[in-house]
Amino acid sequence: MSSDILILGSGAAGLTLALRLAQAGRRVTVVSKTRLESGSTLWAQGGISAVLDATDTLEDHVRDTLTAGGGLCDEAVVRYTVERGPAAIRWLVDQGVAFTRDDDDPTGSRLHLTREGGHSHRRVVHAADATGRAVETTLATLAANHPNIRIRERAVAVDLIVDPDSRKVQGVYLYDRASKEVEAVPAKVVALCTGGANQVYLYSSNPFGASGDGIAMAWRAGCRVANMEFMQFHPTCLYHKDSRSFLMTEALRGEGGYLRLPGDNGTPGDRFMLRFDERAELAPRDIVARAIDHEMKRLGLRHVLLDVTHLPADFIKGHFPGIYAHCLELGLNITKDPIPVVPSAHFTCGGVMTDFAARTDIDSLYAIGEVACTGLHGANRLASNSLLECLVFAAAAADDILQRLNTLPAPSPLKPWDASRVRDSDEDVVVSHNWLELRTFMWDYVGIVRTTKRLKRALNRVELLQREIQDYYGNYRVSHHLIELRNLVVCAELIVRSALERKESRGLHHTLDFPQSLAQTGPTVLAGLRS
């Protein structure tokens, strides 16, 4: 298997890049850890933010993003992204994505816009309450049927192959889950579209593949990473024993839902968000998640309540059909019953440092989407800016690759993967135990509210686990779960070390030892391992 362009990841970022390159006549290979239609994009409910309404402005979207980002956004990147938002939506419409239309438009051509926390206007384009599924399935179908796109499913990247002299990427070591063999795959260009690292926490809204693979591989190869302390917790994940990772989209609050404390016999009690922010339920995610965490700890609650029972039942069923049906299967009628919710790890705001063309510190290595740190999100991501970032920077990367590809040299002959000194493991329990231990202490010590003591305790455990995992990795044949665990423990270290570097509270990083924000600050940058 070889390809001039190798794309790791098949979410919105990877498929957008693949289609743009293929539609320009280039042959690409897309690698997916599971099936093609998988990853975090598929799970996204809310939508994509873009200025499409006459009463909205690009300046308003820029301002809302900067405000949510807590003073750490790169304003030039924010403007670059926001300005390209309308074109990104038009491209998706042209590909056939069926967004929800505005019922009040007699022509049926106007897209319905909803509002989410942190936004001053209705500017979130959506496909009912399953936007990610609509985007992912449409793009995946196009990719699977395009003659210039080769799909490689059930394959996991182990490490990047980088020329030590030129610092140019040469390819990837790829583990085939069926054959259980590792092969060296050459490529002129490699694009990391591998998503975030939110499975580093015990409770996450993300699928199990969100193990920070691209971040860890890029860091090991010498790329800088930035702002890894800013891990976003979605405020409202369904609290139910039979459905632990199901999100209650931000749009429920955007359309008028209230957060309440539990009352007697599970009935809705008092609203509490106005005690924390004048925007109440429409405050940015970091504020809402912290408020819920505070109330749960103050009162010893297992959850709070999201109440939409005052909204018209037909409106809820029409605009949130997926959520309504899912909850009904669990015996919860959200038109009549309040929804028990808790925060859960949701989005990695930091990542591999990139420029306006999604280029990293390594020549011909690109990083797009949640794996990257572009400067758009700062200390806290504004709702529905994530898919926008995927679309805009995939387009930018495609343009850059198309300009450069013919000038790039072919990869040098690659060193085959050496498995001659390893043996089959008879202690797989070590992987599952270390996986659980890592995610548990990260949740307990490096969660929504932090202290220096807890962070140092977490770092000690990370370093111990790293030694155990590296010893295991060096002596036994690799497996899918071992590869992910090895990457997760790297991301855990980057998160903890970044959090210890920041001697203030800002955005998603809130520490009791430094509760105030500094007057002057900047991104937290950690050098790559081989730099």
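A search of the whole structure finds 0 disulfides. The model is a predicted one. Two cysteines illustrate the result. For Cys 237, the closest cysteine sulfur belongs to Cys 327. The two sulfurs are 11 Å apart, too far for a bond, because a disulfide requires cysteine sulfur atoms within 2.5 Å. Cys 237 is buried, with 1% relative accessibility. For Cys 349, the closest cysteine sulfur lies in Cys 373. That separation is 8.7 Å, again too far for a bond. Cys 349 also counts as buried, at 3% relative accessibility.

Helix α7 spans residues 213–221. Of its 9 residues, 9 are buried, so the helix is largely enclosed by the rest of the structure. The buried set includes the charged residues Asp 213 and Arg 220. Also in the set are Gly 214, Ile 215, Ala 216, Met 217, Ala 218, Trp 219 and Ala 221. Gly 222 follows the helix. The phi of Gly 222 is positive, near 115 degrees.

Helix α9 covers residues 285–299 and contains Asp 293. Asp 293 has a relative accessibility of 13% and therefore counts as buried, because the cut-off for burial is under 20%. Its contacts were examined with neighbours within four places in sequence left aside. On that basis, Asp 293 is in contact with Ile 448 and Val 449.

Notes: Residues numbered from 1 in each chain as written. Predicted model: local features only at pLDDT ≥ 70, side-chain atom pairs only at ≥ 80, totals over all residues. Heavy atoms only, no water. Buried < 20%, exposed > 50% of the residue type's maximum accessible area, 1.4 Å probe, protein only. Helix = DSSP H or I, 4+ residues; strand = E, 2+ residues; numbered from the N terminus. Contact = heavy atoms within 4.5 Å.
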